[in-house]
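Reader: I have the sequence and the coordinates open. Walk me through the backbone and the packing, please.

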Amino acid sequence: MAEDILVDVDNSEEGRSYWDQGDKISTSKIFNKMGIGRHSKKGFKLATACLGVLCVILLIVIISHKSHNNCNNDNSDGTFQRLTADNNVTHNTVQSETIYSNLNKQMNLLLTSHNILIQEKSLILTRYNNLTDDRNLLQISYNDLILQKSQLNSNYTNLSREKSDLQTSNAMLSDEKAQLQASYNNLTRERDNLQTLLTKLDSRLADGWIARKPSLYKVSSEKRSWQESRDSCLNMGADLIVVNDIEEQKFLLPYKNVWIGLSDTDNEGVWKWVDGTPLTIKYWAPGEPNNAGNEDCAEISSNAANPMKAWNDVPCYSSFQYICEDHF
Ligand SMILES: [Ca+2]
Ligand SMILES: [Ca+2]
Ligand SMILES: [Ca+2]
């Protein structure tokens, strides 16, 4: 009877792995899964079988006793035989009642055991149903966790991609920052240089220097030898003028008897400028340089017919004004 109770079970993957692979499960299977031992099931079956056998035996004894009494009533022809038969009947009746009483007691015991087993089965089924509910709740929680895990993985992937993009942007911004910083440093340096030049220019102009791009010129008021004149220019952070082109030669037109930064002191006949550059563009007066009387330093002659060709070599100890040149 107990094995006829079938219980529906979950057909999910977990359910199949936990229980049998069928769509339904019997009470005996439940007992197996719930840990109910084989001996308990056998006891239940044995009790049921014994109860049936005892009922059959009791029925046979009752029928036999009744049949025997009927036979004795028909045989009333002898007193001794009847008394003997009565004694036997009495004895059999006592035995039958004793057997009946014992069987009745055993049957009651078996019924009691049966009822206890029924109650235990009910409790086990209740536990099974509770466990099934718990398992279903756990399955729901598990599914939720799987969904949350999937969402977290998706979020993690998105965040990783954003992190990579931010790192790339950060690297680009760092490069741009470095470039801007370098540009800023260059501009700052140029600004400082310009500020220094501007300060220097203001100072030079305030001191009577003449600005003519790309140089500043200072025409001395005093007269000195060529070397004293150069030392004076050097002390002011400049040097004697170097005529680099025709425009600078034109600048000299107003000035006469002034030293320029040209000499052949080191090597006679080899003229060079104070900055070390060799003489290429020449504006000598006609017949000059003639080294007449050891003339090694150049001046702007006041006697030249053509002011654009007025250079003349004279002794370096001569005393003249001088023109200093400084660069922006
Ligand atoms: Ca020059
Ligand atoms: Ca000379
Ligand atoms: Ca000369």
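Predicted model: local features only at pLDDT ≥ 70, side-chain atom pairs only at ≥ 80, totals over all residues.

Reader: Which residues of helix 5 are buried?

Author: A residue is buried if 20 or more other C-beta atoms lie within 10 Å of its own. In helix 5, four names qualify: W226, S229, R230 and C233.

Reader: Why are these buried residues on the same side of helix 5?

Author: The buried residues are W226, S229, R230 and C233. Their directions around the axis cover a limited arc, which puts them on the same side of helix 5. That arc is only 100°.

Reader: What covers the buried residues of helix 5?

Author: Strands are part of the cover. It includes strand 5 (239-240), strand 6 (258-263), strand 8 (297-300) and strand 10 (321-327).

Reader: G261 is found in strand 6. Is G261 buried or exposed?

Author: Count the C-beta neighbours inside 10 Å: G261 has 23. The cut-off for buried is 20 or more. G261 therefore counts as buried.

Reader: Which residues is G261 in contact with, leaving aside its neighbours within four places in sequence?

Author: One of them is R230, which is also among the buried residues of helix 5.

Reader: How far apart in space are G261 and V243, C-alpha to C-alpha?

Author: In sequence, G261 and V243 are 18 residues apart. In space, C-alpha to C-alpha, the separation is 8.3 Å.

Reader: Which residues of strand 8 are buried on each side?

Author: In a regular strand the side chains alternate between the two faces of the sheet. Both faces of strand 8 are covered. One side has C297 and E299, and the other has A298 and I300.

Reader: Which residues stand opposite E299?

Author: Strand 6 and strand 8 run antiparallel, joined by two bridges. There, W259 stands opposite E299. Strand 8 and strand 9 (residues 311-314) also run antiparallel, with four bridges. In strand 9, the residue opposite E299 is N312.

Reader: Where is the cis peptide bond with omega of about 5°?

Author: Look in the loop between strand 3 (210-212) and strand 4 (215-219), where P214 is found. The cis bond joins K213 and P214.

Reader: Which residues does the cis peptide bond with omega of about 0° join?

Author: The proline here lies in the loop between strand 7 (272-273) and strand 8. The bond joins E288 and P289.

Reader: N257 is not a glycine, but has a positive phi of about 50°. Is N257 buried, exposed or partly exposed?

Author: N257 lies in the loop between helix 6 (246-251) and strand 6. It has 16 C-beta neighbours inside 10 Å. Buried needs 20 or more and exposed needs 12 or fewer. N257 thus counts as partly exposed.

Reader: Phi of N294 is also positive, near 60°. Is N294 buried or exposed?

Author: N294 is found in the loop between strand 7 and strand 8. There are 11 other C-beta atoms within 10 Å of N294. The cut-off is 12 or fewer, so N294 is exposed.

Reader: What percentage of the residues in the protein is buried?

Author: The protein has six helices and ten strands. It has 328 residues. The buried part is 14%.

Definitions and conventions:
Residues numbered from 1 in each chain as written. Chains lettered and ligands numbered in written order. Arc of directions from axis to C-beta. Contact = placed C-beta atoms within 7 Å. Pairing = 2+ DSSP bridges.
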